[in-house]
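The sequence and model are shown below.

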Amino acid sequence: MDTDFQSYFHDSVTVVYHQENCEERITYTPESPELADSPLIVAEKEGGIRITTIERQQGNPLYEGTLEIRNTPDGLLLINELPLESYLESVVPSEMPSSYAREALKAQAVCARTYACRQMQEAVLKDYGADVDDSVRFQVYANIAPQESTTNAVQETAGQVLCQGGELIQAYYFSTSSGATSTDEIWGAEEAASYLKAVDCDFDENEPWSSWRVTIPWQALADRSAGYCPDKESGGALGASSGKLTALEITRKNQSGAVTGLHVITEDGSFQLTEEYSIREFLSPAGCTITEKDGSSVQGSTLLPSAYFTMETVPGESVTLLGRGYGHGVGMSQTAANQMALQGFTYPEILNYFFKDIEINQIEKEDCGLQEK
């Protein structure tokens, strides 16, 4: 995706790589003759391929494998093709701090491999000629360069995936628990997936994100609620509204305490938010200061840290949210996994704590097919 993870399409692409003791830098645009008739394949280069028109946390990302540049009516599309295990070496440090304990990193590697293989099977991005993208929609890739500890974790678990009944599971993971994990019912599933379970989780109870507090100005939410569009398919607003915001009410929580129903009331009507992500987006603390359990302060982003919160409202003035955890809360808590590893748990023990009735199986190297036992 582009620098801000807003689009798959690019106005221009600058490719930099080293060749025969010199640095070669080429910029491609939709008008470039090399892209006129067919996609351009930039072959794998020793030392990788750097894209200077994309910014990530590490700076300009460096890609192993080949790079395909396609010219489309919407802009340039970039597709990086590389072996699964090499991909994971850039995913694991981007998704979990490389300073975490060895067994936690190995648990993360198995989750990340399982998740990637499941996405390859489901082929959601087949129209783009890709298996996954590099954002949080799938797994963050090449945001942080490979680190020795995370590369070791990938190599020491090479080919290992989580299965139930011989089928790949959706190996969800998140940052910090609220004291318990949730199932996919938080996203509207009528019945939880058989491998997901809600478990008490106090391993990460002393982490900074285990509890937090933020106050959002009433006007910010009033501006957000004005003219809110209904979107039944995404779990967004049911009904529609305009006019002055008068009240907010939590109408439903799941068994782990996540808010899965928020009633927004205005002078002219009301609407109901019924999906975890939509609720976190509506209550965005962007521009506000969040205070964590240890007293540290961070700036809020476009998404509330989690949907595990209570709410105190002063209509016309502010909304104060007292929250717990960071992330969606489904599957494996990464900070809990780290604490478990520090206490001597092995990565299979960590994975079996967070997922129900699963086994660790081996995949074929190239196609994510499961090997016969």
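## Strands and sheet

Two strands are taken to pair if DSSP finds at least two bridges between them. The model discussed here is predicted. In it, strand β5 (residues 49–51) and β6 run antiparallel and are joined by two bridges. I49 has Y63 in β6 as its bridge partner.

These strands belong to an open sheet of four strands, in the order β3-β2-β5-β6, with antiparallel pairing. Because β3 (22–28) and β6 (62–63) stand at the edges with a single partner strand each, one side of each is left without a neighbour in the sheet.

## Aromatic pairs

The structure holds eleven aromatic pairs. The ring centres of Y63 and Y141 lie 5.9 Å apart and their planes are at 35 degrees, so this pair is tilted. It links distant parts of the chain: Y63 belongs to strand β6 and Y141 to the loop between α2 and α3, 78 residues apart. Both Y63 and Y141 are buried.

In Y172 and W187, the ring centres are 4.9 Å apart and the planes at 65 degrees, so the pair is edge-to-face. Y172 counts as buried because its relative accessibility is 18%, whereas W187, at 29%, counts as partly exposed. Elsewhere, ring pairs link F203, F345, Y353 and F354 into a cluster.

## Helix α3

Which residues of helix α3 (residues 148–156) are buried? They are T150, T151, A153 and V154. These residues cover an arc of only 155 degrees around the axis, which puts them on the same side of α3. What covers the buried residues of α3 includes α1 (84–95) and α2 (102–122).

Terms used. Residues numbered from 1 in each chain as written. Predicted model: local features only at pLDDT ≥ 70, side-chain atom pairs only at ≥ 80, totals over all residues. Heavy atoms only, no water. Buried < 20%, exposed > 50% of the residue type's maximum accessible area, 1.4 Å probe, protein only. Arc of directions from axis to C-beta. Contact = heavy atoms within 4.5 Å. Phe/Tyr/Trp six-rings, centres within 6.5 Å; stacked < 30°, edge-to-face > 60°.
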